[in-house]
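Student: Could you show me how to read a few features of a protein structure? I would like the general idea and then the case itself.

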Amino acid sequence: MSSVDQTPRTLSLTRAYNILTHVQSASAIVFSAYVVIHSTQILSANFGGVGLANRSLLLTRPFYQDKGMETVLVLGSAIVHVATGLAKFGLRVYWKQINTATHSSLLPYHRLIGHLQLPFIGLHYYLTRILPIQKYGDSSFIDFSYIGWGLQNRPIFTYGLHTTLVLGSVYHTVSGLSFIYSRYFKKSKLSEPKVPQHGKSVEQQQLNFKTKHNQQLKKALVAALSLSLISGLVIIGRDTKTIPLRLDFESMYSKILCN
């Protein structure tokens, strides 16, 4: 096939890749809304202990655990986000550009960390949604005492799972939202004339410095949020005293962990 014949096909695939990026970005915004709500519940433990965390959980959970909202806000957006990412990866494989550079606003290993998070997200969903539904037929009344029991009695598994989720989710979310902001909402400034200085343009030097500075700020934000969330988990584990359903919780955790 001649290069002339390939041009329309190449343009069509490029357009498809851009559409997939738009859809992936939209799904990221939707799923991030859930992440922010859920993170706020844990963060509140830093200010009012497990009592405030439980109140925050019960007040905000209806926003994402309603049947329709959960399908769209949590499951739907997550599936769309992963599916579009895989489709884009398939196109990069087709173009033989698997290791192509990512957008400068993304943190390093953004894609890899997102992929590595998938089994941990699935395990968390199974632990906190599927198992309670199997046990009680509902999970809307489960509070942080369920996680608190795990932190106290199965600390390696529970801290390991949720610390991994915190670090990966915060990193991927901050990185992704930064990309969305820079791509869709940030107004581009008119470029200044390039003035050579020691063989390099001043404009390029300023751009490199700004990019590096922004990356450092994002990493600092990731560190601050991660530490705050992990601190909230520690407080939940420490402050959870009365656990009426502890025997039920033990049997539910035992479905994942062998005694």
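This is a predicted model: local features need pLDDT of at least 70, side-chain atom pairs count only at pLDDT 80 or more; totals for chains, interfaces and linings use all residues.

Student: How do I describe two packed helices?

Tutor: Two packed helices are described by the angle between their axes and by the distance between those axes. Here, take H6 (residues 145-153) and H7 (residues 155-185): their axes come within 5 Å and cross at roughly 120°. That angle makes H6 oblique to H7.

Student: Which residues make the contact?

Tutor: From H6 there are Ile147, Gly150, Leu151, Gln152 and Asn153, and from H7 there are Pro155, Thr158, Tyr159 and His162. By class, this contact of H6 with H7 has four nonpolar, five polar and no charged residues.

Student: Which residues make the nonpolar surface patch?

Tutor: Look for Ile29, Leu177, Tyr181, Tyr184 and Phe185, which together make a patch of about 500 Å². H7 gives the most to this patch, with four residues.

Student: Now Phe31, please. Where is its place, and what is Phe31 in contact with, leaving aside neighbours within four places in sequence?

Tutor: Phe31 has its place in helix H1 (residues 3-43). With those sequence neighbours set aside, Phe31 is in contact with Leu73, Val74, Ser77 and Ala78.

Student: What separates the C-alpha atoms of Phe31 and Thr173?

Tutor: A distance of 9.3 Å separates those C-alpha atoms, although Phe31 and Thr173 are 142 residues apart along the chain.

Notes:
Residues are numbered from 1 along each chain as its sequence is written. Side-chain values use heavy atoms; hydrogens and water are left out. Axes are lines fitted to C-alpha atoms, for helices over the stretch in contact, and angles run from 0 to 180 degrees between N-to-C directions. Helices (H or I, at least four residues) and strands (E, at least two) are DSSP runs, numbered from the N terminus. Angles under 35 degrees count as roughly parallel, over 145 as roughly antiparallel, 65 to 115 as roughly perpendicular and the rest as oblique. Contact means heavy atoms within 4.5 Å. Ala, Val, Leu, Ile, Met, Phe, Trp, Tyr, Cys and Pro count as nonpolar, Asp, Glu, Lys and Arg as charged, and the others, Gly among them, as polar. Patches are made of residues with over 30% relative accessible area and no salt bridge: like charges are joined within 9 Å, nonpolar side chains (Val, Leu, Ile, Met, Phe, Trp, Tyr) within 5 Å. Accessible areas come from the Shrake-Rupley method with a 1.4 Å probe; for residues, only the protein chains shown count as cover. A salt bridge is a side-chain nitrogen of Lys or Arg within 4 Å of a carboxyl oxygen of Asp or Glu.
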